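Subject: A structure for you to explore

Hi there,

Here is the structure I promised to pass on to you. Have a look around first, and then read on for what I found in it.

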Amino acid sequence: MTTSPSLSETPVEPAAEQVTAPVPAPAAEPGADLPLAPLLDTGEWVEPVAQDVAEAVVRDARDFGVYARTGGWTFALKVARSVRPGGQPAEGSDKVSAKAFAELAGCSAERVMRYYKAWDMAADDGLVPQFEALAPGEDVELPEADVWLSYYSSRSSATSVRGHAITAAAEAEGIKATKALEVAENPTALRAAILADPGTAEAARGALLDRMKEDAALQTEMARAIARTGELKKAVAQEAKAADRIEYVRQIAEGGQVRTPAGQKLDASPELRAEAERHLSLIDELDDSEEAGEWAGEAYDTVKSLVVKAVEEDPELRVQERRAKFYNSLQKATKVFEELTLDEVLEEDVLEADMVQRLEALQEAIGACISALRKATDASS
C-alpha cells in the first residue's frame with residue numbers, strides 16, 4: 001500500500017478515459033558513459049544540488065511520483081472523499097453530489113461515477129476504506145497502480161449485461177477486458193479488419209463457429225445467408241458432398257461396414273478395409289488449408305469400385321443387389337404415381353390430351369413388365 005500525499009493542485013482528469021503515465025527514459029546500458037555529478041575538490045562524488053530547481057518542477061515531480069505509484073487510485077480517492085454516496089443527505093457534510101463534483105472538475109458525471117464505482121468495488125473487497133469513513137481532503141494508503149484496472153473500466157458498456165458477458169469471455173481468453181469492449185463498441189472497425197486482414201478473418205471465422213454451437217438463432221441466420229448467396233451455396237454443396245464421401249470411406253475403415261449401391265449393408269472384407277484405411281490416412285494428414293474434395297473423390301471412387309467388384313464376383317450377393325435395386329426403383333415409381341393430384345386436374349381446367357396419352361403408355365409399360373415377371377415366375381416354379 002502507498003500513502004497518497006495531498007497533491008498541491010487537484011488534477012483535472014484528462015479527456016482520455018484513462019490517464020497514462022509518461023514512459024520513463026530507458027536505462028543506460030552497462031559500460032555506457034554516465035553524466036558526471038559535480039566533482040568537489042575533495043575528489044568525492046556528491047548528489048546534484050536541488051535548490052536551483054524551480055518550485056513548479058518539484059511540485060510536478062512529486063505529483064508524478066504519486067501517480068506513478070498509485071495510478072488511477074489517486075483520482076479515485078478525490079472522488080471517494082468528496083462525493084457523497086447515493087441517498088446520503090447533504091446536511092452535516094461537505095461532500096457534494098457526483099453531478100456537482102463533475103461540474104467543478106469540468107468533466108461528465110458519468111466519468112466521475114466510473115471512478116466512484118471502482119472505489120466502491122475495491123471497498124467491498126477491503127482494499128480501501130468505505131466512503132463513509134472518508135472526509136474531503138483526507139489522505140489514506142492507496143493500493144498499487146497495477147491493481148487499478150481490476151476495478152476500473154473506462155467504458156460504461158462494461159457495467160451492462162452485455163459488457164459483463166464480454167468481460168467474462170475476455171478473461172477466459174486471457175486478454176484484458178478493455179480490449180474486447182473496445183472492439184465490441186466499434187463493429188465498423190472490426191469489419192474493416194476482417195475485410196483487410198486474413199488473420200483477423202480466420203479468428204472471426206473460428207469465433208463464429210464456436211458461437212454457432214450454442215446459438216441456434218445464429219445457425220439459422222448463417223444458413224439463410226449462405227442459401228441466398230449462389231457462390232456460398234455451391235461451395236457448401238461441394239463440401240457436403242466431399243464430407244459424405246469421406247464418411248463413406250470412414251465407415252468402411254473404422255466400422256467395418258460397407259453400403260452397396262443398392263443400399264445393402266455388408267461386412268467389409270479385410271482387403272477392402274485396408275484400402276479404405278490407406279485413403280483415410282492420406283485425407284487425415286491434409287492441412288486445413290488443403291482442399292479435401294479431390295482426395296475424397298479419389299478415395300470414394302476407389303473404394304466404391306472395389307465394392308461393386310466384390311458384389312459382382314459373389315453370385316449370391318449379385319442376386320441380392322439386383323433384387324434390392326429393383327425394389328428401390330419400384331418403390332420410387334409407386335411413390336411418384338401416388339403423389340399425382342387427380343382431383344386438382346379434374347376440377348380445374350388443366351387437363352390435356354397429352355396427359356392421357358402418357359398414362360396410357362405407362363399402363364402398357366407396366367402391363368409388359370407384369371407379363372414378363374409372371375413368365376419368369378412360372379418358368380422358375
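This is a predicted model: local features need pLDDT of at least 70, side-chain atom pairs count only at pLDDT 80 or more; totals for chains, interfaces and linings use all residues.

What does Trp73 pair with? Its partner is Trp148: the two ring centres are 4.9 Å apart and the planes meet at 75 degrees, so this is an edge-to-face pair. Planes have to be over 60 degrees apart to count that way. The two residues come from distant parts of the chain, 75 residues apart: Trp73 belongs to helix H2 (residues 73-82), while Trp148 sits in the loop between strand E2 (141-142) and helix H5 (161-173). Trp148 is buried too, with a relative accessible area of 4%.

Another pair to look up is Tyr248 with Tyr300. Their ring centres are 5.2 Å apart and their planes are at 65 degrees, so this pair is edge-to-face as well. Tyr248 is in helix H10 (residues 230-255) and Tyr300 in helix H12 (residues 293-313), so the pair ties together parts 52 residues apart in sequence. Both tyrosines, Tyr248 and Tyr300, are buried.

That brings us to helix H12 itself. It has 21 residues and spans 30 Å from first C-alpha to last, close to the 30 Å expected at 1.5 Å a residue. Which residues of H12 are buried? They are Ala296, Gly297, Ala299, Tyr300, Val303, Val307 and Val311. These cover an arc of only 165 degrees around the axis, which means they lie on the same side of H12. Turn to the other side of H12 and you will see Glu294 and Glu313, which are exposed.

Finally, take a look at the surface. Phe337, Leu340, Leu342, Leu346, Leu359, Leu362, Ile366 and Ile370 make up a nonpolar patch there, with about 760 Å² of accessible area together. Helix H14 (342-347) and helix H15 (353-380) are the elements that each give two or more residues to this patch. The most come from H15, which provides four. Leu340 is found in the loop between helix H13 (315-338) and H14, and it counts as partly exposed because its relative accessibility is 43%.

Enjoy exploring!

Best wishes

Key. Residues are numbered from 1 along each chain as its sequence is written. Side-chain values use heavy atoms; hydrogens and water are left out. Rings of Phe, Tyr and Trp (its six-membered ring) pair if their centres lie within 6.5 Å; planes under 30 degrees apart count as stacked, over 60 as edge-to-face and the rest as tilted. Buried means under 20% relative accessible area, exposed over 50%, partly exposed in between (1.4 Å probe, protein chains only). Patches are made of residues with over 30% relative accessible area and no salt bridge: like charges are joined within 9 Å, nonpolar side chains (Val, Leu, Ile, Met, Phe, Trp, Tyr) within 5 Å. Accessible areas come from the Shrake-Rupley method with a 1.4 Å probe; for residues, only the protein chains shown count as cover. A salt bridge is a side-chain nitrogen of Lys or Arg within 4 Å of a carboxyl oxygen of Asp or Glu. The expected span of a helix is 1.5 Å times one less than its number of residues. The arc is that of the directions from the helix axis to the C-beta atoms.
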